[in-house]
Each structure stands twice: as C-alpha cells, then as structure tokens.
Amino acid sequence: MISQHRKTVILTEGALCLALSFVLTKINLFTMPQGGSVDFELVPLILFTYRRGWKWGIQIGALNGVLRILLGGYFFHPVQVILDYPLAYAFVGLADIHPFWLGLIVAWAGMTASSVLSGVIFFAQYAPEGQNVWVYSFMYNAPVLGIKYLISGIAALLLWKILERELAL
C-alpha cells in the first residue's frame, strides 16, 4: 500500500510532467498534413514513466491524451478520439520496460498500432487510390511516431543521466 504522502508526491510530479509536455508541444520540428507532429512532448512522460513505473505511466499518458483533446485536439468520432488520444498516449507508460530502448520500441509500437487503427477506420479516404489502407496508415503514422520516439528517447536518456547524477535518483 502506498502512503498518502507518497501518492501526493507522485501525482504532483505527474501534473508537472503533463504541464511540461504541453509546453514542449510548442517546439515542433515538423507537422504532418492530416495531423501528427514531431516535437518533444513525450520527454517528460517517458521520464515520469521510467521514474514511477508503468502503472503510473499509463495513467499519466492516458490523462495527457484526454487533456490534448480537451485543449484543441482533432475530434472526428468518439472512437477516433479514444484511439488517437487516451489509448495512444497510454502506451507511453510501457516505456518502463527494461532495457530502456526495448521500452521505447514497445511504447512506439503500441501508439503506432492505435494510430494506424484509427487511420484505417476513420481516415481511409486520404489513402491514394489503389493503395491498401493499412499500408497507407502505417506508412503515414509509423515514421512520424518513430522519429518522435527516437528524438524523445535520446533527450529523455540524456536528461535521466543528468538527473541521476545531480539528484541521485
């Protein structure tokens, strides 16, 4: 059983990571035409997950998705909202799997699967004529999310090493 004080500390840390995640969405490296971008929003979520574990990471990731839709996300259909926001971001919580890079790959795969499914169900009209919609959705989502996870993973790892050394985490 976790003490009330420890739970308060973890929730406060999670709230700070959510706030920082939203600030980091403003540092866009590039944005895709039908949605999605490469930015640094995942860095604090990955750090939080790595520090507090997958159970907390999944919750904070899902909450990040809910907040993203409430603060200007793209709403097309209720199921699309779930797939693209809370479910997709909940997968960031799987970044806690060790070793670090395996966790990032699993988290990327989960978020990509959720986004691909959303693309197949709700955005098939964007696929070029004659192209398999699954292939199109995968080719649209996987590279963007892959770059996002790669950049965020490197930044999170570097920050973790600094925090570990300076704060004795």
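**Pockets and helix packing in the predicted model**

By class, the residues lining the largest pocket comprise 14 nonpolar, 15 polar and six charged. The space it holds comes to about 900 Å³. Its lining consists of 35 residues, of which G35, G36, S37, R68 and Y85 are the closest to the centre. Helix α6 provides the largest share, with seven residues.

The second largest pocket has a volume of about 200 Å³. Among the 14 residues around it, those closest to the centre are E13, C17, L47, R51 and L163. Here the class make-up is twelve nonpolar and two charged residues, with no polar ones. At least two lining residues come from each of α1, α2 (42-52) and α6. The largest share belongs to α2, which contributes five residues.

Attention now turns to how the helices pack. Helix α1 (residues 4-24) packs against helix α3 (residues 54-70) at an angle of about 40 degrees, and the two axes lie 10 Å apart. That angle makes α1 oblique to α3, and the crossing of the pair is right-handed. On the α1 side, the contact is formed by K7, I10, L11, G14, L18, S21 and F22, which meet W56, I60, L63, N64, L67 and R68 of α3. Sorted by class, the residues of this contact are eight nonpolar, three polar and two charged. One of them, R68, is also among the residues closest to the centre of the largest pocket.

Helix α3 has a further partner in α2. The axes of α2 and α3 come within 7 Å and cross at roughly 155 degrees. The two helices are therefore roughly antiparallel to each other, the threshold for that description being an angle over 145 degrees. As with α1 and α3, the crossing of α2 and α3 is right-handed. From α2, the residues L45, F48, T49 and R52 meet W54, W56, G57, I60 and N64 of α3. This contact divides into five nonpolar, three polar and one charged residue. On α3, the residues W56, I60 and N64 take part in the contact with α2, and these residues also belong to the contact with α1.

Terms used: Residues numbered from 1 in each chain as written. Predicted model: local features only at pLDDT ≥ 70, side-chain atom pairs only at ≥ 80, totals over all residues. Heavy atoms only, no water. Axes fitted to C-alpha atoms, helices over the stretch in contact; angles between N-to-C directions. Helix = DSSP H or I, 4+ residues; strand = E, 2+ residues; numbered from the N terminus. Parallel < 35°, antiparallel > 145°, perpendicular 65-115°, else oblique. Left-handed = near helix turned anticlockwise from the far one by under 90°. Contact = heavy atoms within 4.5 Å. Nonpolar A, V, L, I, M, F, W, Y, C, P; charged D, E, K, R; others polar. 1 Å grid on protein atoms, 1.4 Å probe; cavity = no way out; pocket = protein on both sides within 12 Å on 5 of 7 lines; lining within 4 Å. Points joined across faces, edges and corners; volume = space filled by probe spheres on them.
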